[in-house]
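Subject: The structure, and what turned up in it

Hi,

Here is the structure we talked about, with some notes to read alongside it. Have it open on your screen while you go through them.

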Amino acid sequence: MKAGRAAGRTPESRAQARSAVRSAGRSAAIPAPADDSPRYRQILKTLTERVAQGVYPVGSHVPTESELCDEFDVSRYTVRAALSHLVEHGMVTRRKGIGTVVIAAHSQRAYQQSISSLADLFQFALDTYVLIRSSTMVELTEDIARTLGAAPGERWLQVDSVRWTAPGGTPICCTSSFIPERLAWVGPELPDCVGPFYAHIEERSKEPLTHATQEIRGERMPAHLRDVFGADDDAIALCLIRQYFSAEGVQIASFNWHPADSFSYRMQIERKR
């Protein structure tokens, strides 16, 4: 029982957390209105700064969801999204009956992607930055055609891009997207589209998506990407292959290359009853 009380969230620890926030001042709380990033990311930034500055020291509790909802004037869903990212970065742990406990002052991972729906992929595209490096009509090689369920030699539009968490920062992903010839006319519009390519293509083609698939492979980093990532010749990469389908067939397929030593992928699987 004594250990359980020490691990749990006591009235004293809640009071200490509230006092710490008040002493940190409003400048450490809600970001300036000029910040137009998603609300959960604003809250995540604030909480990350508080942990790094020791407002919430290692071993202490982060305020409860209800307290954070009141402070930031947001829904519980928004607060949970921010806290889940802190968990993903290895900065806090969350357990029912105990609360959210700080376990590290700084992120323990370079980048982690957590996807459970197409909406999450859409948000990922909004939260990161992409630069298209080239856009060219190509004939599919045998390997790529096999992956796409197409015939070798078919003409598809190949769009190569690089993605960062901040413009000009360390790349988190290099992508080769393949668009079938029937939709290649969309290609010139992609540099100016907002959100993921699949959403723009769906809207412009008037072909509603029916489903998407994803395959994850661990392979040697392709030679043409090693310089982009500053990787060694023997570096390993994770390749996430996503395909988006309408009733007409594949709309777009993307090969997303991530350095294996700085990327992790998280899924939540729920049991259906």
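Is phenylalanine 255 buried or exposed? Phenylalanine 255 is buried, with a relative accessible area of 8%. In these notes, buried means under 20% relative accessible area, exposed means over 50%, and partly exposed is in between, using a 1.4 Å probe and protein chains only.

Before going on, a word on where the values come from. This is a predicted model, so local features need pLDDT of at least 70 and side-chain atom pairs count only at pLDDT 80 or more, while totals for chains, interfaces and linings use all residues. Residues are numbered from 1 along each chain as its sequence is written, and side-chain values use heavy atoms, with hydrogens and water left out.

Aromatic pairs

A pair of aromatic rings is described by the distance of the centres and the angle of the planes. Rings of Phe, Tyr and Trp (its six-membered ring) pair if their centres lie within 6.5 Å; planes under 30 degrees apart count as stacked, over 60 as edge-to-face and the rest as tilted. By this rule there are two aromatic pairs. One of them joins phenylalanine 178 and phenylalanine 255, which sit edge-to-face at 5.7 Å centre to centre, with 80 degrees between the planes. This pair links distant parts of the chain: phenylalanine 178 is in strand 6 (residues 171–180) and phenylalanine 255 in strand 9 (residues 249–259), 77 residues apart. Helices (H or I, at least four residues) and strands (E, at least two) are DSSP runs, numbered from the N terminus. Phenylalanine 178 counts as buried because its relative accessible area is 3%.

Now for tyrosine 198 and tyrosine 244. Their ring centres are 4.7 Å apart and their planes are at 10 degrees, so this pair is stacked. Tyrosine 198 lies in helix 8 (residues 197–205) and tyrosine 244 in strand 8 (residues 236–246), so the pair ties together parts that are 46 residues apart in sequence. Both tyrosines are buried.

The buried residues of helix 8 are Phe197, Tyr198, Ala199, His200, Ile201 and Ser205. Lysine 206 sits in the loop between helix 8 and strand 7 (209–220), and it is exposed, with a relative accessible area of 67%.

Why is helix 4 (residues 65–72) largely enclosed by the rest of the structure? Because six of its eight residues are buried. They are Glu65, Glu67, Leu68, Cys69, Glu71 and Phe72. Helix 4 is followed by aspartate 73, whose phi is positive, near 55 degrees. Aspartate 73 is not a glycine; you will find it in the loop between helix 4 and helix 5. At 70% relative accessibility, aspartate 73 counts as exposed.

Helix 3 against helix 5

Two packed helices are described by the angle between their axes and the distance between the axes. Here the axes are lines fitted to C-alpha atoms, for helices over the stretch in contact, and angles run from 0 to 180 degrees between N-to-C directions. The axes of helix 3 (residues 39–53) and helix 5 (residues 76–88) come within 8 Å and cross at roughly 50 degrees. That makes helix 3 oblique to helix 5 (under 35 degrees is roughly parallel, over 145 roughly antiparallel, 65 to 115 roughly perpendicular and the rest oblique).

Where they meet, helix 3 brings Arg39, Tyr40, Ile43, Leu44, Leu47 and Thr48, and helix 5 brings Thr78, Ala81, Ala82, Leu83, His85 and Leu86. Contact means heavy atoms within 4.5 Å. Take leucine 83, in helix 5: it is buried, at 0% relative accessibility. Leaving aside neighbours within four places in sequence, leucine 83 is in contact with Leu47, Val62, Glu65, Leu68, Val92, Arg94 and Thr100.

Cysteines

Cysteine 173 is buried, with a relative accessible area of 2%. The sulfur of cysteine 239 is 8.7 Å from the closest cysteine sulfur, in cysteine 173, which is too far for a bond. Cysteine 239 also counts as buried, at 2% relative accessibility.

Cheers

Conventions
A disulfide is a pair of cysteine sulfur atoms within 2.5 Å.
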